[in-house]
Amino acid sequence: VPLRILIVDDSRDGADSLCLVLAAMGMDARVAYDGPSALGLVRGWRPDVVLLDLGMPGMDGYQVAERIRAESSLAGVRLIALTGWGSHSDRSRTQSAGFDDHWVKPVDPSRLQALLGTVRPA
């Protein structure tokens with residue numbers, strides 16, 4: 001069973017490119033370009049991992065993460081901040097919002113593959 005990976009990023013080119021990389025790795029990858037769409041997909045499709053940008057208009061990644069963490073049925077979803085923001089305060093804030101990890105773009109494909117090797121499908 002392939003892992004279900006949701007990429008959430010308002011940068012369509014980056015999100016779509018990462019989706020292609022994940023599909024080439026054998027993952028079931030989907031994309032959401034904003035927070036409300038991401039929440040709908042998470043609730044309906046329940047991905048194993050969410051790669052979530054922080055700086056999105058409207059509903060930012062912190063708000064999306066907090067809403068995911070507030071739903072007990074989504075407790076096992078792994079949340080990875082994938083962002084251009086990498087300061088200590090950014091990392092503290094992602095931890096407080098319930099993220100499992102914080103990565104600074106661009107993503108290293110070998111690091112991503114190593115992470116995905118540790119995740120078991122729900």
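In this predicted model, five strands form an open sheet in the order E2-E1-E3-E4-E5, with parallel pairing, where strands are DSSP runs of E with at least two residues and helices runs of H or I with at least four, numbered from the N terminus, and where two strands pair if DSSP finds at least two bridges between them. Strand E2 (28-32) and strand E5 (101-104) are the edge strands, each pairing on one side only. Neighbouring strands of the sheet are turned against each other by 20° on average, direction ignored; axes are lines fitted to C-alpha atoms, for helices over the stretch in contact, and angles run from 0 to 180 degrees between N-to-C directions. Strand E4 (residues 78-83) runs parallel to E5 and is joined to it by four bridges, and Ala-81 stands opposite His-102 in E5.

Helix H5 (residues 109-116) packs on the sheet, touching strand E1 (4-8), E3, E4 and E5, and its direction makes about 165° with that of E5, contact meaning heavy atoms within 4.5 Å. Helix H3 lies across strand E3 (49-52) and E4, running at about 180° to E4.

The axes of H3 (residues 61-69) and helix H4 (residues 88-97) come within 9 Å and cross at roughly 25°, which makes H3 roughly parallel to H4, a class for angles under 35 degrees. Tyr-62, Ala-65, Glu-66 and Arg-69 of H3 make the contact with Asp-90, Arg-93, Thr-94 and Ala-97 of H4.

Residues are numbered from 1 along each chain as its sequence is written. Local features need pLDDT of at least 70, side-chain atom pairs count only at pLDDT 80 or more, and totals for chains, interfaces and linings use all residues, while side-chain values use heavy atoms, with hydrogens and water left out.

Conventions: Parallel < 35°, antiparallel > 145°, perpendicular 65-115°, else oblique.
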